[in-house]
Amino acid sequence: MAGIGVRLNRIFGKETIAMNLVGFGYSMMITVTPMFVVIGNIMLMSITLGYATLGYAQRNLFSATILYIFIFSLLTAAPFNAVLSRYLSDVIYDETYEDIMPCYYAGLILNISLSCLLGIPFCIWEYVAGGVALHFVFTGFCGYIALVLVFYSMLYLSICKDYAKISIYFFGGMAFAFGVAFLLVTVFETELTYSMLLALSMGFLLTAVLEMSTVRRYFKKNSNNYKKVFLYFKKYWKLVVVNTGYTLGLYVHNFVFWDTRLKMVVADSFVMAPLYDMATCLAMFTNISASVIFISRVEMHFHERYKVYSEAVTGGRWQDIINTKTRMFRQLSRELLNLVRIQFIISVVLYLVLLIFLPRLGFSGTTLRIYPCLAAGYFILFVMYAEIIFLYYFNDLNGAVLTAVSFCLITFLGSLKSREMTEIWYGLGLVIGSYVGLTVAYIRLRWVERHLDEHTFCKGSLFPAAKGKRPDAKVYDKTKRPDSAA
């Protein structure tokens, strides 16, 4: 993340209201713009092309398809992204850039294979049991794979600190999608929902092609050392658990409520709970600025303290190491507290605004009763994720695993219990799960602070590990001392 720190320091360093707004906008652009661009494009297509005039079944089929495309493209990427990100960071540190393309191709094959393993059986079921037209099923599958490619290539551009290009490519892809949908509906008179799905799939594919071409342009050499990539999955399997657990925890409460009285079954294939899912979406948007705040503040403040500590470890005095460590953890605590304070103010304001304006837009009843508890849950969740990132900084993978697994498991169990309560408490499972994860991560951070010296200086080996025949345990032969008289 250190790539944007210089720019943010220059922007916020001027300490004016206008430059603070510019800095916040820049942070927004590099973090959450792609998501808003896609959502905005779907809304624009719906308004412009008359989506509201369609029948209930057609609209539900399109909505369910888009929902599944986004959720499962993120879930299938989760087991690989953290390990690949660690591999890329190590390769860049070692400056062996020719090893990046083997990582790209190996990860791509793994990600696509898992995506197809889940997607193809579902598409077959959708066509056979659901009776959905084959061309619609195939187009939805293509859109799903295209979005998988988009999310996968985003990882490499993020490592290269090319956040602006990610946003530009999303803008270009969604603008192209809108143009295609408009032509299909107005000129070729194609059915609206299929036109929108086909256009979005083509837009995702264009975005993926642009991202992939940029990656190939950056890294032209290929060492063909694929074995090293797979060995990283064996070495850092805990990262697979962490990222999968965290991502699954984001949606596991939705899956629980897909099997309640709120559920809706579309085409005998798609299962969802529109009222609960909409409340989840609103709650996530209420707290999404936490990601922007966290990246901005970590880039500007904590990363510099971490860098100074690392330099002291490699070439400073013992007193310098102690002082820089103290300042670093003091800054860590300050960043977490500031994140909570600032995000709390933003969340409260957005919460009140949404409660005032959502009823005027047609959102009321069950959705607004579910929303408050979920908003509280996502507030805690994003703070918990910030703690996981700090655990990554100190390479405490055990702590990150405990945090992610406890968060996912407690959220699941809590949601099973909360679905039996009244609607206002439906999100209690997420609240409890996030709070448990937050507590576990905080305890681990304090543990790391107490044991950082052992972790830094006592982990390692004096001799390189190797396979082979064990040396003889005998060190020397004890011989009788010759008689001095002799």
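Predicted model: local features only at pLDDT ≥ 70, side-chain atom pairs only at ≥ 80, totals over all residues.
Trainee: Let me start with salt bridges. How many salt bridges are there?

Mentor: Side chains of opposite charge can pair when their charged atoms come close. The rule here asks for a side-chain nitrogen of Lys or Arg within 4 Å of a carboxyl oxygen of Asp or Glu. The count comes to nine salt bridges. Take Lys 228 and Asp 99, whose closest N and O atoms are 3.6 Å apart. Lys 228 lies in helix 9 (residues 226-235) and Asp 99 in the loop between helix 4 and helix 5, so this pair ties together parts that are 129 residues apart in sequence. Helices here are DSSP runs of H or I with at least four residues, numbered from the N terminus.

Trainee: Is Asp 99 buried or exposed?

Mentor: Buried means under 20% relative accessible area, exposed means over 50%, and partly exposed is in between, with a 1.4 Å probe and protein chains only. Asp 99 is buried because its relative accessibility is 7%, whereas Lys 228, at 25%, is partly exposed.

Trainee: Which other salt bridges could I look at?

Mentor: Arg 317 and Asp 320 meet at 3.1 Å, N to O; Arg 317 is exposed at 56%, and Asp 320 is partly exposed at 26%.

Trainee: Now the rings. How many aromatic pairs does the structure hold?

Mentor: Rings of Phe, Tyr and Trp (its six-membered ring) pair if their centres lie within 6.5 Å; planes under 30 degrees apart count as stacked, over 60 as edge-to-face and the rest as tilted. The structure holds 28 aromatic pairs. One cluster is linked by ring pairs among Tyr 68, Phe 72, Phe 122, Phe 255, Trp 258 and Phe 270.

Trainee: Which charged end sits over the ring of Trp 447?

Mentor: A charge sits over a ring if NZ of Lys or CZ of Arg is within 6 Å of the ring centre and within 35 degrees of the ring normal. For Trp 447, that is Arg 444, 4.4 Å from the ring centre. Trp 447 lies in helix 16 (residues 428-457) and is partly exposed at 34%.

Trainee: Last one: what about backbone angles?

Mentor: Most residues other than glycine have a negative phi. Glu 95 has a positive phi of about 60°; this exposed residue (57%) is in the loop between helix 4 (56-94) and helix 5 (100-128). Glu 189 also has a positive phi, near 55°, and is found in the loop between helix 7 (163-186) and helix 8 (192-218), exposed at 68%.

Technical notes
Residues numbered from 1 in each chain as written. Heavy atoms only, no water. Helix = DSSP H or I, 4+ residues; strand = E, 2+ residues; numbered from the N terminus.
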